[in-house]
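I opened this model to look up a few things and wrote them down as I went.

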Amino acid sequence: MGNFELIWWVLALPVIGFLIQSLLGQRIVGLFGQTYGKKVAGTLAVLPIAAAFVLGAGLTLTLMDMPATSRSVVMTLFDWITVYSISIPFEVVIDPLSMTMVLVVTGIGSLIHLYATGYMAEERDYTRFFTYLNLFIAAMLILVLGNNLAMMFIGWEGVGLCSYLLIGFWYKDLANAKAANKAFITNRVGDWGFMLGMFAIVAFLGTNADRFPAGDGRYLSFDRMLPVLASLLSENPGIATLIALLLFVGAMGKSAQFPLYNWLPDAMAGPTPVSALIHAATMVTAGVVMVNRMHVVFEFSPVASGVVAVVGTFTALFAALIAFGQTDIKKVLAYSTVSQLGYMFVACGVGAYWAGMFHVVTHAFFKALLFLGSGAVIHAMSHEQDMRWYGNLRKYIPITTATMTVGWLAIIGVPYLFAGFYSKEAIIAAALGNHHATFLGGSTEFTGWLLLVGAALTTAYMTRMTLLTFGGAQGRWQQPETYEAAHADHHAHADHGHRAHAHHHGHAHDDPHGFFYTDEELARREALEPHEHHHHLTPDYKPKEVPVSMWVPLAVLALLSTGGTAYFMEHHHAFQHWLYPPFGGEHGTGLTMIKGHPVIDPEAISGHPHGMLGNKMALVGLSVAVMLIGLAYAWAVYGKRLPDKEGFDMSRWAKFRLWAMNQFGYDAFILKLLVYEGGKTVGNACAALDQKLVDGIVNLTGAVAQGLGGLARQAQTGYVRGYALVMLMGGVALLVYLVSALSGGAR
Amino acid sequence: MTGNNLADYLTLGLIMFSIGAVGVIVRRNPIVIFMCIELMLNAVNLTFLAFARFTPTSAALADRAESFMSGQMMVVFVMAVAAAEVAVGLGIIMAIYRLRNEIDIDEMNLLKG
């Protein structure tokens, strides 16, 4: 295992890239001039990540050659924290889980870096962008490679910081700064849970320190901790539930699950490569990775597993419904990401942890592709993100259209030919398979059925997005009456609501299925999410295909999103057995030990449904059926506009769509509860506390001194005779004392 | 009164000192107060001299001047200091009189809290 030392280079390369960009970036751009300097700086940003990917791939191959039971190598760099008996070294673990994520992070990361060199070419703060992006890769690698919870936490916070910096990259726009703060603050809630989980583990293991080898304080290191946790938690399921739920709160924050999801859609304020890399492919899957890493804890807590499954299911459906109300192309993809993350958590909740990771990987492929594609569309449309102004783009940007179509087919799960099908199928099969104990009396079957509904919804909203963007006979920005109204109005008012008036003038009688919102609705929308529209398209605007640095990553990702990779990962349980090798463990727990790591016996949770659905083809048929339903619906409504032609009253649907657009009021509710009303209440309470209690104590100190001084003041009569008398009495008293003391001493 | 008894001198000093002290406290005219202070100082002087005169001398101490001279020396110091004090004090009283046209001690209560 000699060359595992290379893992330090995998970690160091993004750090080196970060240092180059941060310290020398501006000089490089200055030295070579804007055009070439940016190319040099961009190349220097891409190369370290690509090199890290190559090294990571080499390490993964080495790991694959090792026997399945010894695929876990711990490398220690130095002693990081030593407090009393606890020791936390700076150490990484090289095992299938970490290396899978290393490949995803560096592989997709380098593609997105390459894409960003084109996308951000006109950006003034070019090197600042790549500084953050390289730093993000470094932090993410620490997160996935760290061999203890503390190191994972560094990475966890590091990616949170980079996410904050990149969402607020265009910080001069207040909305972006607000979105960045929202992401950061919401993630704090999750981090709070993660930290409490970590402390609970330390406290719990600290009271059972005798289970560790004497003198070994590495309580938080996975190779030490997990086996001990496995044996301890099997005796203490209550503590397993506590720890698992706290850790899941952390996962909810980072991976945008229901109560804490609402930062992710706002995070779309960042540049599109950031959305693709951080808010779709890698960072938001950190929660799934963490649950996989700590799956022992979840294994022993049916309650926590049930919570994970239910939260995942709810999020998957909730976000899918919201996606129907979105008109911003990136927002649709953001809610789609939230929804897909829900799928991953359902997989973890029902015990098919490997399926969650499988979906992490395939989702990273196709969602990165979709985001980068949307970035290409936005680039081509001169930074217009609103799908209501798209249409018929297939004529102008064929490469983007072709690659995004692959992404669309992958996410809707076209059988066998595209990646999304395999992982989604694995998750639904595991959920229907109902092999995992949860608090729901052992039945997780309903989550499987609900996920099938979710699959239909996914198909429908993704088809809606694709049709609105690429379909149609004519681009909507070209329709003169729409344009002129918007244009005139823009000059007249120059306010955010000009689109509303555009609708009013241009589409009042031409909007039967409520595709455009009414004035009132748009005003509310703008009030909720104020946007600066810097770019306005003229009817003779011609979208341009993106440069080669942008479509090459699209093409590679499109290739990865086809069925090929996923087929080989799924074939003969290759990926499942890579993460969780079959080891014929004790069937009672479904757990087995591999080099000290307890892993689930894959045979115990095989993920094959019973009964009618035991036939794999039946499930495939069902999946295809729901996909076709979704396709048919979207085609009829958004493609053919059938309800419009049939004179169907869509006003009721418009109301629903508006409701969905506003996240069914959840975001506003949270804002009102926690920020406006709750924040005001807490603020008032704090102000009262400060003004009444703290200031009161300060004033009381003064008043006491004043009162005592007033008493002492009485002694100062100002009469000389008074002072003389006191002096005399003092002298007499002193004398009496001295005489008595001396006579006492003489005695 | 035989004039040979230490207690007699001390009693006289005590009486003089008490009269002086009471005078300082009860009188309002600073000149009188000064006179009382002089009385107290002289009571102390008398005491010094009495102690100096009646200090028992032993053979070992007989040839040491301080054994009986120190008390007398203190008296000379006290007289010198008293003269200086009177000079300064009368100067202050003159200044106050010029400023306020009166020297009643009870009217000078600027230190009243």
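My entries follow, starting with the conventions.

**Conventions.** I am working on a predicted model, in which local features need pLDDT of at least 70, side-chain atom pairs count only at pLDDT 80 or more, and totals for chains, interfaces and linings use all residues. Residues are numbered from 1 along each chain as its sequence is written, and chains are lettered from A and ligands numbered from 1 in the order in which they are written.

**Chain B.** I looked up the secondary structure and found 3 helices and 0 strands in chain B. Helices (H or I, at least four residues) and strands (E, at least two) are DSSP runs, numbered from the N terminus. The pattern along the sequence of chain B is α-α-α. I then checked burial: 12% of the 113 residues of chain B count as buried. A residue is buried if 20 or more other C-beta atoms lie within 10 Å of its own, exposed if 12 or fewer, and partly exposed in between, with C-beta atoms placed from the backbone.

Two residues are in contact if their C-beta atoms, placed from the backbone, lie within 7 Å.

In chain A, strand E1 (residues 73–83) pairs with strand E2 (residues 86–94) in the antiparallel sense over 9 bridges. Strands pair if DSSP finds at least two bridges between them. Val83(A) has Ile86(A) in E2(A) as its bridge partner. I note 2 residues between the strands of this hairpin, and a positive phi of about 50° at Tyr84(A) in the turn.

**Cores.** The largest nonpolar core has 223 residues, and Leu141(A), Val297(A), Ala347(A), Ala368(A) and Ile427(A) touch the most other members. Such a core is a set of buried Ala, Val, Leu, Ile, Met, Phe, Trp, Tyr and Cys residues joined through C-beta atoms within 7 Å. Helix H14 (residues 353–380) of chain A gives the most to this core, with 19 residues. I also found a second, separate core of 8 residues, which includes Val24(B), Ile33(B), Cys36(B) and Met40(B).

**His379(A).** This residue is in helix H14 of chain A. Is His379(A) buried or exposed? I have His379(A) as buried, because 22 other C-beta atoms lie within 10 Å. Leaving aside neighbours within four places in sequence, His379(A) is in contact with Tyr119(A) and Val546(A).

**Gly250(A).** I located Gly250(A) in helix H7 (residues 237–254) of chain A. Gly250(A) is buried, with 29 other C-beta atoms within 10 Å. Not counting residues up to four places away in sequence, Gly250(A) touches Gly190(A), Asp191(A), Gly193(A), Phe194(A), Gly197(A) and Met290(A).
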